[in-house]
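Biologist: Good morning. May we look at this protein together before I ask about its strands?

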Amino acid sequence: MKKGVTFLACFIVCLKVACSEAEVRKLFNISHVNSSDYMRYHALHLFNNDHPNRLRPALKKCPMSNMLFPVKIFSTEEPYFCSAVFISADFLLAPAMCLKLMQPVDDHPSSHMFVLIEAEHVFYYEGGRRYINKIFYHPKLEEEPVYHNLAVVKLRNPIRETVMANGQSIVACLWSEIKLRNNKVYLGEWFKYHPEQNPAFRWLDVPVITRKECREELSKNKVIIPEFDRGVAETQLCVKDKKNSTMIEFCEPRSSGPLFMTLGNTVYVVGMPTVHIDDCNVQIEVFNQVSSFLDWIEAIVWPHFEPL
């Protein structure tokens, strides 16, 4: 009899526990879903935080199909040029130290500096020239030139068309993350092809290397590079020619343009050149990562968009 009572008591206790658990489960509803623990419900963050309401200004303006299209900035006063790339119809990205060489302190850039490209349908007049209205140098350029070698260039008048005949935009997108999604990057540059001829242009297919490899390669330099007084920083990346070293010599006189990465039909600027290393023992080039400067760029180019 006692065994029967004991069994019945256990059954009642277990039933109560089960009922209480059932009641707890019934009380849990959608209002209890905790958004901070999103992975618990198999939700993953969108790439680049690219929900339409969360896009950065630079990503909102990013064309889905564009092309590698570096251009030249000239001066009527100087015998050289600087490379640049369109990031909107009236703004370009360019290496700041190159522009500083071209702009005398007392001279306004609009009096002598202009952009020139061969695609006449983009400009329509003035022989394809677009004069510069203003240059925004990074605020830390004077303090650490090589680590902040970046300038945003505003044109006096925006270009009329940003889309080529093939439907692709000449406006480059800006990569917003430190980590790249493709280690295969491209460099468009002009180089001293022959002393008696104008600089030639070439596309380089160059892989990204680690900062450790980069520092080891820089150690081969026979002369100290004063601009790299902090070495290779976390905000920089390096490329090295591993396949065509007999054809490409990074020690040649050159005007390196922006470093590009492609994802599908979209081209992103991931880096801007730092300083030319004129030692043929060193087969690398160092770039500042655009993602580190994106807040500053967006505030100038897209000031009416609220930052995240």
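Biologist: Which residue in S2 does Val-71 stand opposite?
Modeller: Val-71 stands opposite Ala-84 in S2. Please note that this is a predicted model, in which local features need pLDDT of at least 70, side-chain atom pairs count only at pLDDT 80 or more, and totals for chains, interfaces and linings use all residues. Residues are numbered from 1 along each chain as its sequence is written, and side-chain values use heavy atoms, with hydrogens and water left out.

Biologist: How many bridges pair S1 with S2?
Modeller: Four bridges pair S1 with strand S2, residues 82-86, in the antiparallel sense. Two strands pair if DSSP finds at least two bridges between them. S1 and S2 also form a hairpin, with six residues between the two strands.

Biologist: And which way does S4 run against S1, parallel or antiparallel?
Modeller: S1 and strand S4, residues 113-116, run antiparallel and are joined by four bridges. In this pair, Phe-74 stands opposite Phe-114 in S4.

Biologist: Is S1 mostly covered or mostly uncovered, then?
Modeller: S1 is mostly covered, since five of its six residues are buried. Buried means under 20% relative accessible area, exposed means over 50%, and partly exposed lies in between, with a 1.4 Å probe and protein chains only.

Biologist: Let me step back. How many helices and strands does the protein have?
Modeller: Its secondary structure comes to six helices and 13 strands. They are DSSP runs numbered from the N terminus: helices are H or I with at least four residues, and strands are E with at least two.

Biologist: What percentage of the residues count as buried?
Modeller: The protein has 308 residues, and 44% of them count as buried.

Biologist: Now a helix. Which residues of H6 are buried?
Modeller: The buried residues in H6 are Leu-294, Trp-296, Ile-297, Glu-298, Ile-300 and Val-301. H6 spans residues 294-301, and six of its eight residues are buried, so the helix is mostly covered.

Biologist: What covers those buried residues of H6?
Modeller: The cover includes helix H2 (57-60), together with strands S3 (91-94) and S5 (129-137). S6 and S7 also belong to the cover of H6.

Biologist: Where is Ile-159, by the way?
Modeller: Ile-159 sits in the loop between strand S6 (151-155) and strand S7 (173-174).

Biologist: Why does Ile-159 count as buried?
Modeller: Ile-159 counts as buried because its relative accessibility is 5%.

Biologist: How many Å separate the C-alpha atoms of Ile-159 and Arg-129?
Modeller: These two C-alpha atoms are 10.0 Å from each other, while Ile-159 and Arg-129 are 30 residues apart along the chain.

Biologist: Back to strands: how many bridges join S8 to S9?
Modeller: Eight bridges join S8 to strand S9, residues 200-209, and the two strands run antiparallel. Within this pair, Val-185 stands opposite Val-206 in S9.

Biologist: Which residue in S10 stands opposite Ile-209?
Modeller: Cys-238 in S10 is the residue opposite Ile-209. S9 and strand S10, residues 236-240, pair over two bridges in the antiparallel sense.

Key
Contact = heavy atoms within 4.5 Å.
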